[in-house]
Amino acid sequence: MQAEQVEIAQFLAQHPPFDDLPNKALNELAQQVEVTYFRAQTEILHFGKDIADLYVVRSGSVEMYRRNGELYNRLSVGGIFGQMGLLMNRKVRFPATALEDSLVYCINVELFNRYCDEFDAFADYFETDGNVRLHQAIVEQADSNDLTTAKVKSLIHRDVVTVNTTSTIQDIAKLMTEEAVSSVLVTDINKPINDDPEEDDGQVVGIITDRDLRSKVVAQGLAFDTQAQDIMSTNLVLLDANSYVFEAVLAMLRDNLHHLPVVQKRRPIGVISLSDILRYESQSSLLLVRGILAQQSIEDLAHYARQLPNVFVRMVNEDANSHMIGTAMAVIGRTFKQRLLGLAEDKFGPAPVPYCFIALGSMARDEQLIVTDQDNALILDDSYDDEKHNEYFQNISDFVCDGLAQCGYTYCDGEIMASFKKWRKTRSEWFDQFAGWMAQPKPQALLNSSIFFDLDGVWGKTKWADELKIFIAKQSKINRLFLANMASNARNRTPPLGFFKGFVMEHNGQHKHSMNLKRRGTAPLSDVIRVHALAVGSRKQNSFERLEDIIEANLLPEGKAQDLRDALEYIAMMRIRHQAWQIEKGEEPDNNLDPRQLSPFEQRNLKEAFAILEKAQSYLKFSYSANSGVK
Amino acid sequence: MVFKKSAVIDWSTRYEQLINSTENKVLKNFYSSAFNQPLAAIKDVPFVAMDFETTGLNSKNDDIVSVGLVPFNFQRIYCKHSRHWVVQPRRNLHEESIVIHGITHSEVDDAPDFNRIIEPLLQALSGKVVVVHYAAIERQFLNNALLLRLKEGIEFALVDTMDIERKALEARQGLLGKLFNTNLGSLRLTHCRERYSLPAYKNHNALTDALATAELLQAQLSHHYKLETPISELWE
């Protein structure tokens, strides 16, 4: 009979993925462990050597390196290493060195494989297919935050325009006007690109710019049928798609060039101009806001809105946190609404009675991201006369909601938009509406209206929105039944914790492999935080700011509000990075994350964040039951 | 690090003498298979960490309650070959030792007499150098336990991690420290382990303490000795 290793079993029971193992399996594992001690600065694993164990740091700390000597990861107590080597070809992939005096547990590869076979959660932890890719993507994103590390291909926003060496300059001028470009590349059909037999227009041999047409054609009175090859500039500096933006800047300065062709394996993919680089430098959200206000039509606004994904990605790359990004995107969203309302008033004339356009939900909370729908409503002056004024407000509401849709803010599924007559109410009607929701709460009615408890004035009499906020804050605090109903609704959307246990099993259905980070993560977290915020009478709308009020009011047990903040930040950033990554890959951004794309480390953190949500939801259950006090 | 040598027993010769002098078959086997290469480098030596829990500290009046064994070498500690026995002491359990070991009367009542584990114990030790923390306890208790039952005691080479630690601390203390009699530092197993950043263990049974001792020797060897140091410099 084998002896029971209590200390080892107790240690493993505290650390993933071992914490998910049944007791019997855990004890057996503890009995099989081999232990070894490494003095600080001694090598544990050497690159390329055979590896036959999974390693767990029991005490001390261990550093892992890339082959080129860069630090790959630093592990502390409970950290696991060696799995890459075990999963690849049983050769060490990341050499490891003890940073401090360290005691390390070794789990033999046969045992490791057996546990992977027998326990899904254990196997999932080591599932590495996608995670390296995503990890690299995030590292790459994090690095590309300035001219020195961004690549020129990130500046190319449109397809390349090319002409033949024999095209006439008049055709070229027409093409440039049609395509609205300031330069074209000239390709030579007689110089094929060997490895690109299809669509082969030949290699780039020259470039023609606006300036060439001016100085070489018009100024010298050349005939309009002059061929491209006669006027093109041939002292080309070709940039590889993978060269860095700063190299482009250097080339432009050195050779006094304003346009550089970008090629990928000799195939032209675009031209970057000095203005592209300047625009890259000024793509900050503030400039975008100024730009929005300068647009003169819905079409212009819609065109301008196409920059939004780039601004979003840029902010992510600049390491902004979720609060900053949410605020910036909300400011931008608000600006679009303001500009649209300005245009609406230009078109339909000034409003017959004062009004206030309010934003609801994530935009009111400053938690808007790139994938978002519009939630809005109107507060009308009490002198509003339905027969006389309805048409006007229907017109401007339709104008704004349609305009927002064209700018990428999709229509609200729940029909919570100013264009629906029921969401255009007078001030008194709104007070009655909120009073009714709070005094005689019905779960179903509240479920559909919780979005109204995040509201923000955007245009017009914005102080009316503030009055409503104050009213809500005062009333909610004293309405226990209302809070109990809100709390109960806040527990409807559960975190996808089951995912971490058995997502390998779920193969049917399209999104079965992915979890919706908004619906089952940030949104229910915001719901939970909203309930607490209403309970303490906070007038804040943003979840992070609400948490500050909640902490100040001492509502929650020590550390719980901070846990909620960390969980929200983690899941929100996961969602933000996921969307930035999709945008950069040219995909439509969504909220659906496949957890298999995450590293075990990220999976672990995400799981912890969801666990905080789960705990917070069950805390709501007993602290806001209809017949008990708040505290 | 070079330590002052303590009185060294020539275990090679001693084992030869013991093989010839013993009448007992089990002991003769044990001595014949003893690890008998004083010049072997420590990196090649098979060790076994051993810890006893006892009814008290006096080997004349007190008795062994449990035995933990963990085999290891410089590279690895092999938990899967570790052993743990609870045995019936001939003396009553003192109340205080019950608390320390977490072994209760009922557990002991069901346990076999030490007689039953003599053979498997000596077999597990054979061919390996025994490692303990504080040589006197394990050496005297095992000797007396066998004397009582086999009418013959036992001798074996062992490495004492407490002794290694004392020497290391003395070397650190230096001559001046000795002259001024500065505090050497605690030699208790837990405190020795702290110096090498080894984790604190909450459970104290014979098996965990044997594991703790094995880990301590690995740490001491990697801090104070060269891999090629002969085992004869360590055993006593």
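I started with the strands: strand 1 of chain A and strand 3 (residues 77-78) of chain B run antiparallel and are joined by two bridges. Strands pair if DSSP finds at least two bridges between them. I noted A:Val35 opposite B:Ile77 in strand 3 of chain B. Helices (H or I, at least four residues) and strands (E, at least two) are DSSP runs, numbered from the N terminus.

For the record, this is a predicted model, where local features need pLDDT of at least 70, side-chain atom pairs count only at pLDDT 80 or more, and totals for chains, interfaces and linings use all residues. Residues are numbered from 1 along each chain as its sequence is written, while chains are lettered from A and ligands numbered from 1 in the order in which they are written.

Next I looked up the whole interface: 20 residues of chain A are in contact with 23 residues of chain B (C-beta atoms, placed from the backbone, within 7 Å). On the side of chain A that touches chain B, helix 1 (6-13), helix 2 (23-32), strand 1 (34-38) and strand 3 (53-59) of chain A each supply at least two residues. Strand 1 of chain A gives the largest share, four residues.

Then I turned to helix 22 (residues 518-535) and helix 23 (residues 543-552) of chain A, which pack at an angle of about 40° with their axes 9 Å apart. Axes are lines fitted to C-alpha atoms, for helices over the stretch in contact, and angles run from 0 to 180 degrees between N-to-C directions. Among the residues making this contact, I listed A:Ile529 of helix 22 of chain A and A:Leu547 of helix 23 of chain A.

Key. Two residues are in contact if their C-beta atoms, placed from the backbone, lie within 7 Å.
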